[in-house]
Amino acid sequence: MNKGVLHMKKWTFILILVLLACMNLQQQAVAAEPLSVRTITKEVQLLAGDYKTEVTTIPANATVIMYEKKVGWAKVKYMEHTGFVPVTVLKSLQPELKLVSAKNKPFVRETNNFHANQLGNLYLNSIVQVYATDDQGWSFVQYGNLSGYVIATALKTPTAEKMIVSNKKGISVKNIASKSGKEVAIISDKTKVDVYTTLQGWSYIVAGDIQGYVARSNLKKTATVKLGKYNQGVALQQKRIALTFDDGPHPSITHEILKTLDKYNAKATFFVTGHRVEKSPNVLKDIYAAGHEIGNHTYNHPKLTELSMNQVNAQIIKTNNLVKSVIGEEPTLFRPPYGSFDKDIQSSLSVPLIMWSIDTLDWKHRDPEKTLKSVQQYAKNGSIILMHDVHQTTADALDQVLSYLVKEGYEFATVSEILN
Ligand code: ZN
């Protein structure tokens, strides 16, 4: 009997120890868990703590931050409002990784508005998780414990570099690019990782389900691609020129231009306007299918310096979305109408802002001879030539222009190729 009690006590003691250990583990798990973001599946009322008073209406597909779950209810934050919604309307979404590519440290705001509270900044080349982007051009992002709305033009899709973990002890993955970040996982030596960005010695990596920041010094390249001497020599000797066509696509003239480009096997860059993409989506498809580069030239060609940043952003986003809906990709460059921009506009962009080095003034004189003359007079290695695929006289000039440039030994490149 006595022995039995002792025995029980011993087991109870062990049980308590195990329970304590579990609680401790759970606490750690909670502490390490990043802020959780959810999508609202259908329109719902956000309710106050009495579960009755309506705080605001949350539309379907809105993004919220979830704090805690109670029986049947979840405490969430939607824009500047906090309250409760039934857990049944919440869905977890796999976020998309985006690279912060605007230099102006874009603000994360509480709501999708330029006047909203600023919750923090995002730094150039950091990777954020994007849960949704709305029609007004605001992306709901998360970076560590910072979460809110950022102007979508500040972000772009990153490209990954293959690397391998090189540290016998394994390495710690953090939720932000800092030693003080929370550890989200540990990955072992020789793990293959995709590296999306590196800033101040920290690389954002993805390895299976694990993603986050690791110290760059623990990674090494899997293979180095070397450009052969022969290729380098040719690339250096070759004179290159970028032809650019603005304001289209035009239902007939753009096709004529495509035909001439094809005749000379020349690649060019088309800065399209959103309103014309809406009218002639198939022409844009043909441009893209022929291998030319697509740039954004705003929706309806306003002078951007006369607009608010909200309006500028709307012009760019609307056109990005239209182009993406037609060719499956966003424009890779931006050219402001009339070449008119300021520092704010430039630093808000995630793609290069491209001007030109030779203005043929084709839109003004509408004379094929004058277009040819300006090219003959100013063309040199690396020139970016401005023309417009909405004037018949430009299509008429193109054969002579290309024939001249080929004779002079030029090769044709897209703007991005010229920049690299
Ligand atoms: Zn234009």
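These legends accompany several close-up views of a predicted model. In this model, local features need pLDDT of at least 70 and side-chain atom pairs count only at pLDDT 80 or more, while totals for chains, interfaces and linings use all residues. Residues are numbered from 1 along each chain as its sequence is written, and side-chain values use heavy atoms, with hydrogens and water left out.

View 1. Aspartate 247 sits in the loop between strand E22 (239–246) and helix H3 (253–263), and histidine 301 in the loop between strand E24 (293–296) and helix H6 (309–327), 54 residues apart. Helices (H or I, at least four residues) and strands (E, at least two) are DSSP runs, numbered from the N terminus. Aspartate 247 is buried at 17% relative accessibility, and histidine 301 is buried at 18%. The cut-offs are under 20% relative accessible area for buried, over 50% for exposed and in between for partly exposed (1.4 Å probe, protein chains only).

**View 2. Tyrosine 51 against phenylalanine 84.** Eight aromatic pairs turn up in a search of the whole structure. Here the ring centres of tyrosine 51 and phenylalanine 84 are 5.1 Å apart and the planes stand at 65 degrees, so the pair is edge-to-face. Rings of Phe, Tyr and Trp (its six-membered ring) pair if their centres lie within 6.5 Å; planes under 30 degrees apart count as stacked, over 60 as edge-to-face and the rest as tilted. Because tyrosine 51 is in the loop between strand E2 (44–47) and strand E3 (54–58) and phenylalanine 84 is in strand E6 (residues 81–86), the pair ties together parts 33 residues apart in sequence. Tyrosine 51 is partly exposed, at 30%, whereas phenylalanine 84 is buried, at 10%. Ring pairs also link Tyr51, Trp73 and Phe84 into a cluster.

**View 3. Lysines over tyrosine rings.** Lysine 239 lies over the face of tyrosine 410, 4.4 Å from the ring centre. Over the ring of tyrosine 299 sits the charged end of lysine 318, at 4.0 Å from its centre. A charge counts as over a ring if NZ of Lys or CZ of Arg is within 6 Å of the ring centre and within 35 degrees of the ring normal.

**View 4. The largest pocket.** About 1,000 Å³ of space lies inside; a volume is the space filled by probe spheres set on grid points, which are joined across faces, edges and corners. On a 1 Å grid over the protein atoms alone, a pocket is an open set of points where a 1.4 Å probe fits, with protein on both sides within 12 Å along at least five of seven lines; lining residues have an atom within 4 Å of a point. Of the 40 lining residues, Leu155, Lys156, Thr157, Ser350 and Val351 are the closest to the centre of this pocket. H6 gives the largest share of the lining, five residues. By class, the lining has 18 nonpolar, 15 polar and seven charged residues. Ala, Val, Leu, Ile, Met, Phe, Trp, Tyr, Cys and Pro count as nonpolar, Asp, Glu, Lys and Arg as charged, and the others, Gly among them, as polar.
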